[in-house]
Protein chains: 2
Amino acid sequence: MPTGLEQILELEQLDDRLFRGLSHDPRTTRVFGGQVAAQALVAAGRTVPGDRAVHSLHSYFLRPGDPSIPLIYEVDPIRDGRSFTTRRVVAIQHGEAVFQLSASFTVPASGFEHQVPESNAPDPDTLPTGDVWVKNADPKTQTWYAEMRQRFPLDIRFVGEAAHQFNNPGATAAPHRQIWVRSSSPLPDDPLIHVCAATYFSDLFLLASALLPHGFVMGDERLLAASLDHAVWFHQPFRADDWLLYVQEGSWAGVGRALCRGLLFGRDGRLVASVMQEGLLRQK
Amino acid sequence: MPTGLEQILELEQLDDRLFRGLSHDPRTTRVFGGQVAAQALVAAGRTVPGDRAVHSLHSYFLRPGDPSIPLIYEVDPIRDGRSFTTRRVVAIQHGEAVFQLSASFTVPASGFEHQVPESNAPDPDTLPTGDVWVKNADPKTQTWYAEMRQRFPLDIRFVGEAAHQFNNPGATAAPHRQIWVRSSSPLPDDPLIHVCAATYFSDLFLLASALLPHGFVMGDERLLAASLDHAVWFHQPFRADDWLLYVQEGSWAGVGRALCRGLLFGRDGRLVASVMQEGLLRQK
């Protein structure tokens with residue numbers, strides 16, 4: 001069993017605006033980007049008054065993180081405004097910035113309401129669990145899935161085309177997929193923990209959506225793939241220990257990069273968060 | 001005639017990583033956000049080796065800019081890597097940060113190629129010029145257009161629904177519009193100038209797309225509207241003094257905010273840049 005998300009998101013506070021986080025996955029050679037982004041957002045959130053919730057983050061991955069030592073998170077209080085609070089966080093290892101994040105927090109308000117993206121996936125309860133589903137997948141996907149289950153404390157259920165793609169490596173498809181995802185263990189009620197948990201897993205599957213037209217799956221040894229940036233907008237409160245539908249579009253690929261768009265929906269069809277990520281994506 | 005984009009993008013270099021930019025529009029009470037973002041990107045780009053081009057920027061608007069005094073741009077060289085160079089820029093006025101931007105630059109590479117979003121607008125040459133088109137618009141839109149032409153050195157041509165919306169204030173429509181836009185004067189060949197010019201105008205029209213379902217147009221005195229953040233991904237080289245199709249979707253609105261997605265296409269249908277912006281959007 002991998003370490004639970006609640007533990008991954010626990011930071012030691014070294015000073016008012018200085019935190020330390022651990023990597024719980026020392027088998028890898030580089031820290032999972034979603035972990036750094038999520039921990040950085042915890043650090044930012046811990047320095048913001050409790051009446052303000054995060055509504056967006058923008059981040060860059062700067063250098064590979066070293067999983068054998070802790071990460072230091074330094075919070076810079078850029079602005080404490082009447083309605084908005086902005087924080088910048090730099091994650092440091094070996095004296096160098098490995099990651100930087102800016103996040104904005106605000107008080108609740110009301111206004112115009114509409115939502116364009118729609119969610120049309122079958123309810124997760126009607127889909128096979130990942131553990132059942134993977135038994136029919138090809139061996140490469142089985143290896144990928146087993147490793148994913150060991151490293152990440154998440155439950156996932158594949159919808160439609162994503163499932164098809166994983167069963168047919170080499171097959172090409174439009175760059176769209178849908179995956180139900182949730183924390184595999186319950187999380188405390190603190191809303192910050194839920195947005196940080198979503199930040200964690202939003203970095204996990206997104207870039208792979210840009211591979212679908214090209215017949216590759218993540219983990220292919222012929223691939224060079226890395227997250228370059230990561231941005232999330234949080235629209236409405238949600239729980240990350242209940243199912244969220246992660247709808248992904250690999251919108252564009254070219255010149256060795258790809259830009260992907262993610263949408264997170266609650267089971268009731270509400271859009272709760274939007275994600276954008278550019279990644280490095282090349283054949284070696 | 002408003003000051004041309006080339007002049008707006010001219011910065012005075014005060015030191016290796018310190019620049020000063022002017023606002024050319026002192027009639028307004030706050031600096032146009034696109035100007036600050038574009039000038040900050042010029043500042044960042046001037047500190048990066050010439051073999052690297054910007055591929056993304058992420059920024060936050062922190063405080064209203066004062067158009068009566070210059071803006072100081074302070075560049076922080078976060079990373080000079082083998083393939084990627086990252087810069088952070090803070091725009092300062094009255095001793096306070098009014099804006100912050102991070103941008104990433106890279107060397108050309110090659111890899112997988114695909115593009116999901118498609119461009120399907122009529123060629124700009126087949127559309128009436130904005131100046132002709134506005135004669136049939138309602139008086140409110142005529143006022144808005146005249147002010148826009150005085151303040152911004154841009155040519156624009158409205159496509160389909162956007163035109164309809166501007167002719168029928170109070171009417172509601174799906175939150176989609178398409179506008180052809182270009183610099184109204186020729187720009188020098190330096191590719192940095194073209195991405196900065198696109199950054200400039202990408203902030204101008206986007207947030208208004210989220211108003212379409214609600215029967216409001218920008219400039220309505222009952223509205224409270226402001227850009228909160230701005231992100232742009234540059235996919236391929238383009239010229240901003242030739243027509244670019246700006247396709248806009250006001251994807252989501254709620255709790256006093258809206259998230260909009262923009263896509264910039266060349267006349268040949270190539271996706272050259274993607275834009276995301278969250279804004280404050282409320283009735284007073």
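With which residue does B:E96 form a salt bridge? In this predicted model, the partner is B:R63, and the closest N and O atoms of the pair are 3.4 Å apart. B:E96 lies in strand 6 (residues 96–106) of chain B, while B:R63 lies in the loop between strand 3 (53–61) and strand 4 (71–80), so the bridge ties together parts that are 33 residues apart in sequence. A salt bridge here is a side-chain nitrogen of Lys or Arg within 4 Å of a carboxyl oxygen of Asp or Glu. Helices (H or I, at least four residues) and strands (E, at least two) are DSSP runs, numbered from the N terminus. B:E96 is partly exposed at 39% relative accessibility. B:R63 is also partly exposed, at 26%. The cut-offs are under 20% relative accessible area for buried, over 50% for exposed and the range in between for partly exposed (1.4 Å probe, protein chains only).

Residues are numbered from 1 along each chain as its sequence is written, and chains are lettered from A and ligands numbered from 1 in the order in which they are written. Because the model is predicted, local features need pLDDT of at least 70 and side-chain atom pairs count only at pLDDT 80 or more, whereas totals for chains, interfaces and linings use all residues; side-chain values use heavy atoms, with hydrogens and water left out.

Over all chains, the structure holds 34 salt bridges. Side chains of opposite charge can pair when their charged atoms come close. One such bridge joins B:E12 to B:R20, at 2.8 Å from N to O. Both ends are partly exposed: B:E12 has 39% relative accessibility, and B:R20 has 33%. Another joins B:R267 to B:D242, at 3.5 Å from N to O. B:R267 sits in the loop between strand 13 (257–265) and strand 14 (271–283) of chain B, and B:D242 in the loop between strand 11 (229–234) and strand 12 (244–254), so this bridge ties together parts that are 25 residues apart in sequence. B:R267 is partly exposed at 35% relative accessible area. B:D242 is partly exposed at 34%. In chain A, salt bridges with shared partners join A:D123, A:D125, A:D242 and A:R267 into one network.

Rings of Phe, Tyr and Trp (its six-membered ring) pair if their centres lie within 6.5 Å; planes under 30 degrees apart count as stacked, over 60 as edge-to-face and the rest as tilted. The rings of A:F32 and A:F152 are edge-to-face, with centres 4.8 Å apart and planes at 70°. A:F32 lies in the loop between strand 2 (18–21) and helix 2 (33–45) of chain A, and A:F152 in the loop between helix 4 (139–151) and strand 8 (154–159), so the pair ties together parts that are 120 residues apart in sequence. Both A:F32 and A:F152 are buried. The rings of A:W133 and A:F158 form a tilted pair, with centres 4.3 Å apart and planes at 40°. A:W133 is in helix 3 (residues 130–133) of chain A and A:F158 in strand 8, 25 residues apart. A:W133 is buried at 9% relative accessibility, and A:F158 is buried at 4%. A:W133, A:W144, A:Y145 and A:F158 make up one aromatic cluster.

In chain B, helix 2 (residues 33–46) has 14 residues, which should span 20 Å at 1.5 Å a residue; its end C-alpha atoms are 20 Å apart, which agrees. The expected span is 1.5 Å times one less than the number of residues. The helix is mostly covered, with 13 of its 14 residues buried. B:S59 is located in strand 3 of chain B and is buried at 1% relative accessibility. Not counting residues up to four places away in sequence, B:S59 touches B:F99, B:Q100, B:L101, B:D229 and B:H230. Contact means heavy atoms within 4.5 Å.

Chain B can be laid on chain A with an RMSD of 0.0 Å by a turn of 180° and a shift of 0.0 Å along the axis. That is the relation of a two-fold axis. The superposition is by least squares on the C-alpha atoms of residues with pLDDT of at least 70 in both copies. B:H58 comes closest to the rotation axis of the residues of chain B, at 3.2 Å (C-alpha).

At the interface, 62 residues of chain B are in contact with 62 residues of chain A. The two chains bury about 5300 Å² between them, 60% of it on carbon and sulfur atoms. B:Y60, B:F112 and B:H114 supply 17% of the area that chain B buries against chain A, more than any other three residues. Buried area is the accessible area (1.4 Å probe) that two parts lose on being put together, summed over both. Of the interface residues of chain B, 100% are also interface residues in chain A, so the copies meet through the same surface. Two salt bridges are counted between chain B and chain A. B:E249 forms a salt bridge with A:R261, the closest N and O atoms being 3.3 Å apart.
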